[in-house]
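Here is a brief report on one protein chain.

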Amino acid sequence: MLYRPEQFEPLTDEPWAEARVRDAIRAIVADVCDAYDPRGLWPAHEWDGWQAALPLKNLYVGAAGVVWALDELEQRGHAESGLDLPVAAERALELWRAEPDFMAGETLPEPPEAALLTGETGPLLVAWRLTGAAAHADDLLRLVGMNVGNEAEDLMWGAPGTLVAAAAVRDRSGEERWAEAARTTADALAARRDADGLWVQRLWGTTFRGLGPAHGLVGNVRALLHVGDARNDGLRRETAATLARRADVEDGLANWSHEAKLQWCTGAPGIVAAAWDYLDEELLLAGAELVWRAGAHRDEKGHGICHGTSGNGFALLKAFARTGDERWLERARRFAVHALAQAERLAATAGRRRYSLWTGDLGTALFAAACLDTDARYPILDVL
């Protein structure tokens, strides 16, 4: 069994209509802005904030991710937030430093504060992006250096995440010290890759060898590709070969999950989204076709970009970017329409929206915007 059909629902029959999609994005942004508290930031969803210090500040499900998404949508011309985003970013950083929002009791890889998605690096990076403060850049460079040897070996906690951050600052600032920091991290990460092409992830008190973008192979490779290097051509070929060996293929469909999961963080959607430009095209289309046939995630997983409908939709957008076949763009847009409706339905049931980048409404707004712009870049990993 490639996936669990009971976890999915048929896609809506509502057609793609650009004006309605633009209105839906603006409605999400307006609601997010109305919910903003200058002192307490945004309320947390129960799942996002479970056993964590509130308000949430991190890039994954906290205020830093919300601010980044609002700024990104504004920069792309999809909505004006009306908020003082630099002030909100500084407040998120201030509150994170006062009380980090790590989950209580979780075994954390060292040094946890340097993590991109869950540590100080995320709020610090967003604050630097919006203010350009030299002190933020210096602090961020220190965290990137601290994280070079992090044993997590993943985007969320480890060196791949801070490599993406260093490359982003390099591209925005043009400063040589960031190019050096990115290369130092990339060289160390590449050196720890095992002979079979994988890395060992050490997380939550256990070890495993993942394939996905959040905690595994394709996320690490995508991070490495942010640094130009002679090894990259071989890295692409070897990773494509590894993914070909590890694929579960049935009747022209493909997945990469021993648990039959089908979401961006684990399974075909994330493999296709992160390896879209070097994965064997037949396998890429087999993975994308499985995503399409499965349909939308039910409300338990939701509409977000990590493990929900929008994350799966990014795989279809990547298939369009690879092939130029308009069918994949049309399919991605069907997912976007469904995800936007799902966000509205869940917000009505809960009495408020979900204020986070990876699990909430702003991630879905970014996916819908990507479908409008035919811009297949996945948030943070591809564009930061």
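## Overall build

Of the chain's 384 residues, 60% count as buried. The model is a predicted one. The fold holds 14 helices and six strands. Along the principal axes, the C-alpha atoms fill a box of roughly 55 × 50 × 40 Å.

Contacts tell of sequence separation. Take contacts between residues at least 6 apart in sequence: 70% of them join residues at least 24 apart.

The accessible surface of the chain comes to about 14,500 Å². Carbon and sulfur atoms account for 48% of that surface. The side chains include 40 positive and 58 negative ones. The centres of these two sets lie 2 Å apart.

## Helix 4

How many of the 11 residues of helix 4 are buried? The count is 10, so the helix, residues 121-131, is largely enclosed by the rest of the structure. The buried set includes Gly-122, Pro-123, Trp-128 and Arg-129. Leu-124, Leu-125 and Leu-130 are also among the buried residues of helix 4.

What do these buried residues pack against? Their partners are helix 2 (63-75), helix 3, helix 5 (134-146) and helix 6 (159-173). After helix 4 comes Gly-132, with a positive phi near 70 degrees.

## Arg-91 in helix 3

Helix 3 spans residues 85-98 and contains Arg-91. Is Arg-91 buried or exposed? Arg-91 is buried, because its relative accessible area is 14%, under the 20% cut-off. Neighbours within four places in sequence set aside, Arg-91 is in contact with Pro-38, Arg-39 and Leu-41.

## Cysteines

The disulfide count is zero. Cys-265 is in no disulfide, and the nearest cysteine sulfur, that of Cys-306, is 3.8 Å away. Cys-265 counts as buried at 15% relative accessibility. Cys-33 is buried too, with a relative accessible area of 11%.

The table gathers the relative accessible areas quoted above.

| Residue | Relative accessible area | Class |
|---|---|---|
| Cys-33 | 11% | buried |
| Arg-91 | 14% | buried |
| Cys-265 | 15% | buried |

Note on methods. Residues numbered from 1 in each chain as written. Predicted model: local features only at pLDDT ≥ 70, side-chain atom pairs only at ≥ 80, totals over all residues. Heavy atoms only, no water. Helix = DSSP H or I, 4+ residues; strand = E, 2+ residues; numbered from the N terminus. Buried < 20%, exposed > 50% of the residue type's maximum accessible area, 1.4 Å probe, protein only. Contact = heavy atoms within 4.5 Å. Areas by Shrake-Rupley, 256 points an atom, 1.4 Å probe, with all protein chains shown as cover. Lys, Arg positive; Asp, Glu negative; His and termini not counted. Charge placed at Lys NZ, Arg CZ, Asp CG, Glu CD. Disulfide = S-S within 2.5 Å.
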